[in-house]
Amino acid sequence: MNRLTLVHLTFLGAGKPPATVEFSPGLTVIYASERGRSYVEKSVDYMLGASELKPTAQDNGYSRILLGL
């Protein structure tokens, strides 16, 4: 069976340290907090083909997203 496995989601920007979410080989749970949970979800959706990612306060200064598969 073919599977798509997410490894990491990394945000990059000039003069900003990389911000990375690493996904476990089994199950990764992103729980409710005020630290960008929904932005992570929307970013993964965008990287997998959604038409746009609306700017938010969480992406201030970040201009690139890398999705490791």
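**Exercise 1.** Starting from the aromatic cluster that F11, Y39 and Y62 form in this predicted model, describe how F11 and Y62 are arranged as an aromatic pair, and explain why the pair ties together parts that are apart in sequence.

*Solution.* Begin with the search of the whole structure, which finds two aromatic pairs. One of them is formed by F11 and Y62, whose rings are 6.4 Å apart centre to centre, with 70° between the planes. Since planes over 60 degrees apart count as edge-to-face, the pair of F11 and Y62 is described as edge-to-face. Finally, consider accessibility, where F11 and Y62 are both buried.

**Exercise 2.** Work out in which order the strands of the open sheet lie, and say which of them are the edge strands.

*Solution.* The sheet has three strands, and reading across it gives the order β2-β1-β3, with antiparallel pairing. The edge strands, each pairing on one side only, are β2 (16-22) and β3 (64-68). From one strand to the next, the twist averages 15°.

**Exercise 3.** Determine how many bridges join β1 to β2, and find which strands helix α1 touches.

*Solution.* Strand β1, which covers residues 8-13, is joined to β2 by five bridges, and the two run antiparallel. Within this pairing, G13 of the chain stands opposite K16 in β2. Turning to the helix, α1 (residues 37-47) packs on the sheet and touches β1, β2 and β3, while its direction makes about 95° with that of β1.

Note on methods: Residues are numbered from 1 along each chain as its sequence is written. This is a predicted model: local features need pLDDT of at least 70, side-chain atom pairs count only at pLDDT 80 or more; totals for chains, interfaces and linings use all residues. Side-chain values use heavy atoms; hydrogens and water are left out. Two strands pair if DSSP finds at least two bridges between them. Helices (H or I, at least four residues) and strands (E, at least two) are DSSP runs, numbered from the N terminus. Axes are lines fitted to C-alpha atoms, for helices over the stretch in contact, and angles run from 0 to 180 degrees between N-to-C directions. Contact means heavy atoms within 4.5 Å. Rings of Phe, Tyr and Trp (its six-membered ring) pair if their centres lie within 6.5 Å; planes under 30 degrees apart count as stacked, over 60 as edge-to-face and the rest as tilted. Buried means under 20% relative accessible area, exposed over 50%, partly exposed in between (1.4 Å probe, protein chains only).
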